[in-house]
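Please open the model in your viewer and keep the selection panel at hand. The tour below goes from one selection to the next and says what is there.

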Amino acid sequence: MIAVAVLAAAAIALPLVVANRFAIDIAIRVLLFAFIGVAWNLMGGYAKQLSLGHAAYFGLGAYTSTILLIRFDVSPWLGMLAGGVVAMLASLPIGALCFRLRGPYFAIATIATAQVMMLLFLKFRDFAWGAEGTTIPNLGDDPLMMQFDGKAAYYYIALALLAVGLFITHRIERSWMGYYLVAVGEDEDAAEAIGVNALRIKRQIYMISAFLTALAGTFYVQYIYFIDPNTAFSFNISVEAALVSIVGGIGTLWGPVLGTVLLETLSAFLQSWLGSGLGGVQLTVYSLILMAVILWRPAGLIGFVSDAWKRLAPAPAAPVEARDG
Amino acid sequence: MLVTLAQAVINGLLIGGIYALVSIGVTLIFGVVKIVNFAQGEFVMIGMYLSFFLATRLGVDPLASLLLTMPALFVIGMLVQHFLIRRVLALGDMPQIFLTFALSLLLMNVVLLLFSANYRTVQTHYTEAALHLGSLYVSVAKLIAFAVAMALSAVLWVFLRATDLGKAMRAAAQNRDVAMLMGINPDRVFAVAVGVALALAGAAGSLLMPFYPAYPLVGQVFVLMAFVAVVLGTLGNVTGALIASLMMGVAESLGIQFVGADSGLIVVFLMLLATLAFRPNGLFGGWTR
């Protein structure tokens with residue numbers, strides 16, 4: 001609890017202390033991808049429904065708010081919620097199809113749905129600008145339209161999104177739903193046998209996860225002032241959502257945050273060291289880290305942090321919990 | 001109209017033969033080892049780069065280089081099974097999916113670092129050659145690729161039925177525990193299965209090289225097709241994967257011809273989604289009998 005308060009205070013203070021735009025930009029990316037990871041983790045981590053197609057919802061959120069903004073002058077704040085609802089609704093038919101498959105083939109079917117979405121938005125030019133995409137009109141400093149001078153405001157929005165995601169995860173973790181999710185994730189048939197409606201619980205968590213991912217999509221296009229199908233439905237979004245969770249610790253509250261902090265900081269250092277010209281370095285390093293984690297620490301790196309925390313602040317009465325590994 | 005249709009079907013069948021080599025590999029590994037190899041497409045890519053360098057540095061014809069790429073990828077497959085896949089077999093879905101997924105990302109990006117994103121092509125004397133049947137046009141390079149792909153599939157079919165090792169593989173696919181009780185060594189059978197699957201991917205790479213450019217992400221084109229074909233053809237069913245691959249080649253080609261140049265993939269993905277909706281277990285029964 002104290003640790004969380006300290007962390008939150010540090011996160012809130014950061015833009016006041018750090019003035020470097022580049023550093024704040026990295027911090028915004030960290031918060032945003034941590035949030036996407038948290039959204040993915042609800043479904044992929046707790047219920048072990050390993051989606052590789054969350055870009056579908058990221059893109060739907062991005063396009064919904066942008067279309068509402070440009071065509072109907074609707075504020076992206078409303079557009080963000082609308083995008084969340086659209087993503088939630090889209091997750092129902094997509095889930096109905098994909099949940100027929102389990103494990104790796106669920107993952108493949110989700111890749112296909114995100115790809116179909118991208119191809120559709122590439123194809124329908126008059127509906128959503130096609131492959132060229134569009135820039136988001138710059139209205140100057142207009143908080144009601146989610147546009148700000150300077151980066152601090154964006155930073156706090158991303159921080160708020162992450163806080164919401166973590167709070168929801170925390171509540172679900174400690175509810176019946178959390179236990180059902182873990183039961184389905186451990187063994188779907190056994191969960192069904194003891195009376196868990198696996199399909200319903202998967203559908204519900206998919207809706208929540210899709211909703212949150214769509215919020216990130218709206219925020220992202222508002223932040224970079226540009227949208228096209230290749231950005232909005234980028235496979236890299238789907239991959240990174242899963243990757244940060246797995247590296248950090250799948251099915252844990254703080255795992256995606258830890259994973260994002262590690263991977264994004266590393267990638268920022270690699271980029272400033274090697275320059276952005278050398279394509280492939282970032283993903284080469286990511287994939288090596290992912291392999292190493294899977295082979296030696298499949299529970300994720302969060303274990304190291306909680307071990308260290310226990311050593312620093314030993315709980316006097318509670319018995320020491322046995323950890324894996 | 002009829003000529004256009006026939007032409008589209010021919011083009012689809014020819015490329016479908018290549019899809020078949022990739023998807024047979026995926027379904028073989030899935031059937032025997034119970035792992036989906038997300039990196040299968042990257043081994044096609046490696047086969048292509050091997051053929052490319054053999055052709056440009058040593059002057060080996062891409063089709064002849066098949067005799068080198070297949071054994072090379074067979075050995076790589078045994079190593080991948082021994083050092084990577086074997087270690088996650090007892091673990092859950094997450095490690096099993098993301099290990100080969102990480103391998104796929106790694107291979108793509110290492111090749112990108114080493115050889116850049118440039119397209120590499122090999123010109124052979126038959127690259128532009130074509131047979132004309134009436135008003136139909138058949139590319140010689142694609143026809144050879146198709147014929148070799150079908151021949152290799154036939155060899156695999158015989159191997160799975162007529163040899164002890166092949167029978168052991170089918171036994172392990174049907175019931176791993178009983179197969180082990182019958183004295184089958186799973187490590188050996190699994191290593192051979194992955195080796196054979198990767199050798200087929202390598203063959204696909206060599207066969208593609210005379211008419212298809214090599215680049216770091218090229219494997220993604222083929223692996224997505226293979227995944228759809230494997231679901232369509234029923235998981236683990238070799239004959240099913242073969243037939244589904246040919247169907248998908250034709251569907252893609254018809255999509256390109258009649259819906260629009262960028263619609264081939266949409267047609268294929270819609271086929272996948274329709275299959276999931278109506279025949280989630282695929283079009284064919286269990287393991288090939």
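What percentage of the 325 residues in chain A is made up of buried residues? The share is 47%, where a residue is buried if 20 or more other C-beta atoms lie within 10 Å of its own, exposed if 12 or fewer, and partly exposed in between, with the C-beta atoms placed from the backbone.

Before selecting anything else, note that this is a predicted model, in which local features need pLDDT of at least 70 and side-chain atom pairs count only at pLDDT 80 or more, while totals for chains, interfaces and linings use all residues. Residues are numbered from 1 along each chain as its sequence is written, and chains are lettered from A and ligands numbered from 1 in the order in which they are written.

Colour by confidence next. The predictor gives the complex an ipTM of 0.88 and a pTM of 0.88; chain B averages a pLDDT (the predictor's confidence in each residue, from 0 to 100) of 89, and 98% of its residues score at least 70.

Select chain A. It holds 15 helices and two strands, taken as DSSP runs numbered from the N terminus (helices H or I of at least four residues, strands E of at least two). Its radius of gyration, taken over C-alpha atoms, is 20 Å, close to the 20 Å that the globule rule (2.2 Å times the number of residues to the power 0.38) gives for 325 residues, so chain A is as compact as a globular protein of that length. Along its principal axes the C-alpha trace spans about 60 × 50 × 40 Å.

Now show both chains. The contact takes 32 residues from chain A and 30 residues from chain B, two residues being in contact if their C-beta atoms, placed from the backbone, lie within 7 Å. On the side of chain A that touches chain B, helix H5 (103–123) and helix H14 (281–296) each supply at least two residues, and H5(A) gives the most, with twelve.

Select residues 93–115 of chain B, which form helix H4. This helix has 23 residues and reaches 33 Å from its first C-alpha to its last, close to the 33 Å expected at 1.5 Å a residue (1.5 Å times one less than its number of residues). Since 17 of the 23 residues of H4(B) are buried, the helix is largely enclosed by the rest of the structure. Just after H4(B), B:Ser116 takes a positive phi of about 65°.

Finish at B:Val228, which, leaving aside its neighbours within four places in sequence, is in contact with B:Met248, B:Val268, B:Met271 and B:Leu272.
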